[in-house]
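Please look over the model below before reading on. The points that follow go from the overall make-up to single residues.

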Amino acid sequence: MTLTPGLRARLLIMVERGDTAMKVGSGDVPVLATPRLLAFAERATVQAVTGALDPGQTSVGTKVALEHLAASPVGTHVEITAELTEVDGRRLVFAFTAHDRRATVATGTIERVVVDRERFLTKLSR
């Protein structure tokens, strides 16, 4: 495993109707829903370490801190960047930001843990 701080990924999305608070049930306005924003941020963390994990390894999310600062309506392009900031054994800490053309949309941290995929899945069936 060659995980070192500084690994990054950038994801550019366009807010679609299916991404809105109205659609996912987290509110009643047609703007990017916080749960969808989190899912995009987590996707960026996964992409940041793709290729750096050993075969058979994956990472799973364990902790999130997210501050959703600005609304992004349907049609808005949002760029989400995640950077690996800390490696503590199997524990990975990422900082992420999301921006649209007007403002910082969100900031936060996501922690993930590296696991053996097969062992993790085997434990689920017990």
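1. **Fold-back.** Of the contacts in the protein with a separation of 6 or more, 67% join residues 24 or more positions apart. A contact here means heavy atoms within 4.5 Å.

2. **Basis.** This is a predicted model, in which local features need pLDDT of at least 70 and side-chain atom pairs count only at pLDDT 80 or more, while totals for chains, interfaces and linings use all residues. Residues are numbered from 1 along each chain as its sequence is written, and side-chain values use heavy atoms, with hydrogens and water left out.

3. **Elements.** The protein has three helices and five strands. Read from the N terminus, their order is β-α-α-β-β-β-β-α. Both kinds are DSSP runs numbered from the N terminus: helices are H or I with at least four residues, strands are E with at least two.

4. **Extent and surface.** Along the principal axes, the C-alpha atoms fill a box of roughly 40 × 35 × 20 Å. The accessible surface is about 7,200 Å², and carbon and sulfur atoms hold 51% of it. The areas come from the Shrake-Rupley method with a 1.4 Å probe; for residues, only the protein chains shown count as cover. Of the 126 residues, 34% are buried. Buried means under 20% relative accessible area, exposed over 50%, and partly exposed in between (1.4 Å probe, protein chains only).

5. **Charge.** There are 16 positive and 14 negative side chains. The centres of the two sets lie 4 Å apart. Lys and Arg count as positive, Asp and Glu as negative; His and the chain ends are not counted. Each charge is placed at NZ of Lys, CZ of Arg, CG of Asp or CD of Glu.

6. **Strand pairing.** Which strands pair with S5? Strand S2 (residues 57–68) pairs with S5 (residues 104–116) in the antiparallel sense over eleven bridges. Strand S4 (residues 91–99) also pairs with S5 in the antiparallel sense, over nine bridges. Two strands pair if DSSP finds at least two bridges between them. Strand S3 (residues 77–88) and S4 are antiparallel too, with nine bridges.

7. Phe94 stands opposite Ile110 in S5. Arg91 faces Val113 in S5, and Glu67 faces Thr107 in S5. In a regular strand the side chains alternate between the two faces of the sheet.

8. **Hairpins.** S4 and S5 form a hairpin with four residues between them. The hairpin of S3 and S4 has two residues between the strands. There, Gly89 takes a positive phi near 65°.

9. **Arg112.** A polar atom of its side chain lies 2.8 Å from the backbone oxygen of Ser59. **Thr76.** Thr76 sits in the loop between S2 and S3. Thr76 counts as buried because its relative accessibility is 6%. The Thr76 side chain reaches the backbone oxygen of Pro73 at 2.8 Å. Neighbours within four places in sequence aside, Thr76 is in contact with Ile13, Met14, Val15, Asp100 and Arg101.

Notes: A polar contact is a pair of N or O atoms within 3.5 Å; within protein, one must be able to donate a hydrogen and the other to accept it, and residues adjacent in sequence count only if both atoms are side-chain atoms.
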